[in-house]
Amino acid sequence: MTMNYEEDEILRISHLKFIGKALSVFTHELNNHLAVLKESAGLLEDTLRFQQAGTGYDLDGSLNIIQSIENQIFKATRLCKNFNGFGHRMDNPLSAFSVNEALEELLALLIRPASQKKVGFEKDFQKDIPLAYNDPSRLQFLIFCLIEESLKSIENGSIILKTEYSEGLITIRISREGDFTETEKKDICSHNIAGRVAEQLGGSIYEETEGEGVNIMLPLSVTGEASNPELY
Amino acid sequence: MDKKKGIKVLLVDDEVDFVDTLAQRLRMRELLVDTVYDGEQALSFIKKVEPDVIVLDLKMPGLHGIEVFREIKSLSPQIQVIILTGHGTEKDEEEARRLGGFDFLRKPADIDLLVAKIREAYWEKIERVMTAAAFAEGGDFDTAQRIMRKEE
């Protein structure tokens, strides 16, 4: 596939926007964790000061606060680990990876923007999918584009992600349920970047039934070779 | 209706752990604090109980904080609003100030600063109500009556 300069530039800018948005969500989440930690530490300090002032000794209360601090640190650590994995997806353009794990990483970054529209995610992942040999970061970019496009036209609903493996092909299906806010059930495949990225992955993308969902067919190389090596 | 004396504060934030912990700290400082977790809950709440000061987040599920702010001002203009957000843009800050926001703070905020701002906001509200009452004697009776009734 050949792309002209303009298309290439649009794709490059879109990818940068994707990374920028991912960073923005990550820092937002991290800042929230830090804000909770600051308030929890402050509450512990308040509690100890009040105890010193003679209001009684509340060991259980103090231990509960310490436990909530530990829980918050655990959540923040999980967030960092997830984002670290997301960042390292870009280390190599081609690698063997779990499609389900790559999707999980991406969803962690999309939960907040989706929740602002009261949209949740449902996952229906096939568990025994073999590793794909492809570009995981590019796949995350593609799914991000499609989900972002979906979020423009629904609220109060859910986005369902399904993965399946059959005869050397991994299929990722994205479907939507909820209140459609724009031009009824907008065709999310119309996103001009998504089709190009799917081609770069050596796959294809098509609408299942009008507005209902989108299927991404991703060829899986079991030989360890790139699915579409001439692109790289 | 809460008959206790003190500054009535409503915290509006979808970060449950954050808002619940902050509420405990503010209560320890003798503020009367209620919490809700999105803008729609906040609007329902103030139709039943009118707080003196609302501490409002911007990014929440459903209604954006700025939309909630507009609704608050149309329902009860005398309620003071302090924005407390982790990620407000300059445009949000400008809009919040244009709408009459008392202050715009970033998370995590220092508790003493936040309490000071809440108290300042409360006293400004009282001053406005008193001014309106005094003004009522001089002329615009209807406006002052409306404000005083809300205050009761």
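Across which strands of chain B does helix 1 of chain B lie? Let me answer that at once: helix 1 (residues 16-28) of chain B lies across strand 1 and strand 2 of chain B, and runs at about 170 degrees to strand 2 of chain B. Angles here run from 0 to 180 degrees between N-to-C directions, with axes as lines fitted to C-alpha atoms, for helices over the stretch in contact. Helices (H or I, at least four residues) and strands (E, at least two) are DSSP runs, numbered from the N terminus.

Before going on, please keep in mind that this is a predicted model, in which local features need pLDDT of at least 70 and side-chain atom pairs count only at pLDDT 80 or more, while totals for chains, interfaces and linings use all residues. Residues are numbered from 1 along each chain as its sequence is written, and chains are lettered from A and ligands numbered from 1 in the order in which they are written.

Let me stay with chain B and its sheet. This is an open sheet of 5 strands in the order 2-1-3-4-5, with parallel pairing, where two strands pair if DSSP finds at least two bridges between them. Strand 2 (32-36) and strand 5 of chain B are at the edges with a single partner strand each, so one side of each has no neighbour in the sheet. From one strand to the next, the twist averages 20 degrees. Strand 1 (residues 8-12) and strand 3 (residues 53-56) of chain B run parallel and are joined by 4 bridges, with B:Leu11 opposite B:Val55 in strand 3. Strand 4 (residues 80-85) and strand 5 (residues 103-106) of chain B are likewise parallel, joined by 4 bridges, and B:Ile83 has B:Phe104 of strand 5 as its bridge partner. Between strand 4 and strand 5 of chain B the chain passes through helix 4 (residues 90-98) of chain B in a right-handed β-α-β crossover, a term that applies if, with the strands pointing away from the viewer, the path from the first strand over the helix to the second runs clockwise.

Turning to helix packing in chain B, helix 2 (residues 39-48) and helix 3 (residues 65-75) have axes 10 Å apart at an angle of about 10 degrees, which makes helix 2 of chain B roughly parallel to helix 3 of chain B. Angles under 35 degrees count as roughly parallel, over 145 as roughly antiparallel, 65 to 115 as roughly perpendicular and the rest as oblique.

In chain A, the axes of helix 2 (residues 59-88) and helix 3 (residues 99-115) come within 9 Å and cross at roughly 120 degrees, and the two helices are therefore oblique to each other. In this pair, A:Asn82, A:Gly85 and A:Phe86 of helix 2 meet A:Glu105, A:Ala108 and A:Leu109 of helix 3. Helix 3 of chain A also packs with helix 4 (residues 136-153) of chain A, at an angle of about 30 degrees and with the axes 10 Å apart, so that helix 3 of chain A is roughly parallel to helix 4 of chain A.

Finally, how many residues of chain A are in contact with chain B? There are 17 residues of chain A in contact with 16 residues of chain B, contact being C-beta atoms, placed from the backbone, within 7 Å. On the side of chain A that touches chain B, the largest share, 13 residues, comes from helix 1 (residues 5-55) of chain A.

Technical notes
Contact = placed C-beta atoms within 7 Å.
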